[in-house]
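Dear colleague,

Please find the structure handed over below, followed by an account of what was found in it. I would be grateful if you would read the two side by side.

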Amino acid sequence: MTIDTVLPAELVTLARKVVDANKALGRKFALAESCTGGLVAAAITEIPGSSEVLLGGFVTYSNESKVDMLRVSHDVLDTFGAVSIATAWSMAQGALEATDTDLAVAITGIAGPGGGSEKKPVGTVVFARAERDADPSDVVADRKDFGDLGRGGIRLQAALVALELLMPRGSDVPAP
């Protein structure tokens, strides 16, 4: 089936896999997006029936919205910055706590063209995945340095990584 979309085909194809895989498990998720500005949610909602798996999303572009909507602490933001594993993990945990979902994925980064630094150049994006009833000390987070692919290129690569994080991992897949 062809989907009428303005989004890149690779994004929509992966979103379809995410929706189908999570539907098969009866699993629901939420998103907390910063630099992607809702692009991951847009890709998921291109897929008919995605409301069975995506319960909601948060676009927390400013630090204030991270604090207000996801309960990221000022201390985390002041100490580590908005683009950090600590912030991404807090965003994922906040999205999980704010929704009745099984997992949440968070994305925060620097899409450019400005805003980068020597330690966090343009193209730096951090991801986190939080699961309900998982050990909160078991942090699932990663930093990717995409380089300066241009704003659109960085956001696309970040969205693709976030979608991969929504795919079932080995232990998530039911035995045949």
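A salt bridge is counted here when a side-chain nitrogen of Lys or Arg lies within 4 Å of a carboxyl oxygen of Asp or Glu. The model is a predicted one: local features need pLDDT of at least 70, side-chain atom pairs count only at pLDDT 80 or more, and totals for chains, interfaces and linings use all residues. Residues are numbered from 1 along each chain as its sequence is written, and side-chain values use heavy atoms, with hydrogens and water left out.

Two further conventions apply. Helices (H or I, at least four residues) and strands (E, at least two) are DSSP runs, numbered from the N terminus. A residue is buried under 20% relative accessible area, exposed over 50%, and partly exposed in between (1.4 Å probe, protein chains only).

Salt bridges

Side chains of opposite charge can pair when their charged atoms come close. By the rule above, the count comes to five salt bridges.

One of them joins the side chains of Glu131 and Arg169, with an N to O distance of 2.7 Å. Glu131 belongs to strand β4 (residues 124-131) and Arg169 to the segment after α6 (151-166), so this pair ties together parts that are 38 residues apart in sequence. Arg169 is partly exposed, at 35% relative accessibility.

Another salt bridge is formed by the side chains of Glu52 and Lys23 (3.8 Å, N to O). Since Glu52 sits in the loop between α2 (39-45) and β2 (54-59) and Lys23 in helix α1 (residues 9-25), the pair ties together parts that are 29 residues apart in sequence. Glu52 is partly exposed, with a relative accessible area of 47%, and Lys23 is also partly exposed, at 32%.

The side chains of Asp142 and Lys144 meet in a salt bridge as well, at 3.5 Å from N to O. Asp142 is partly exposed at 36% relative accessibility, and Lys144 is partly exposed at 32%.

Helix α5

Helix α5 (residues 85-98) has 14 residues and should span 20 Å at 1.5 Å a residue, which agrees with the 20 Å between its end C-alpha atoms. The expected span is 1.5 Å times one less than the number of residues. The helix is mostly covered, with ten of its 14 residues buried; among them are Trp89, Met91 and Leu96.

Backbone geometry

Most residues other than glycine have a negative phi, and most peptide bonds are trans. Three places in the model may be read against that background.

- Gly112 and Pro113 are joined by a cis peptide bond, with omega about 10°; Pro113 lies in the loop between β3 (103-109) and β4.
- Arg71, a residue other than glycine, has a positive phi near 60°. Arg71 is found in the loop between α3 (63-70) and α4 (74-80) and is exposed, with a relative accessible area of 70%.
- Asp133 is not a glycine, yet its phi is positive at about 65°. Asp133 is placed in the loop between β4 and β5 (140-145) and counts as exposed at 79% relative accessibility.

A buried arginine

Arg27 lies in the loop between α1 and β1 (29-33) and is buried, at 8% relative accessibility. The side chain of Arg27 makes a polar contact with the side chain of Asn22 at 2.6 Å. A polar contact is a pair of N or O atoms within 3.5 Å; within protein, one must be able to donate a hydrogen and the other to accept it, and residues adjacent in sequence count only if both atoms are side-chain atoms.

With kind regards
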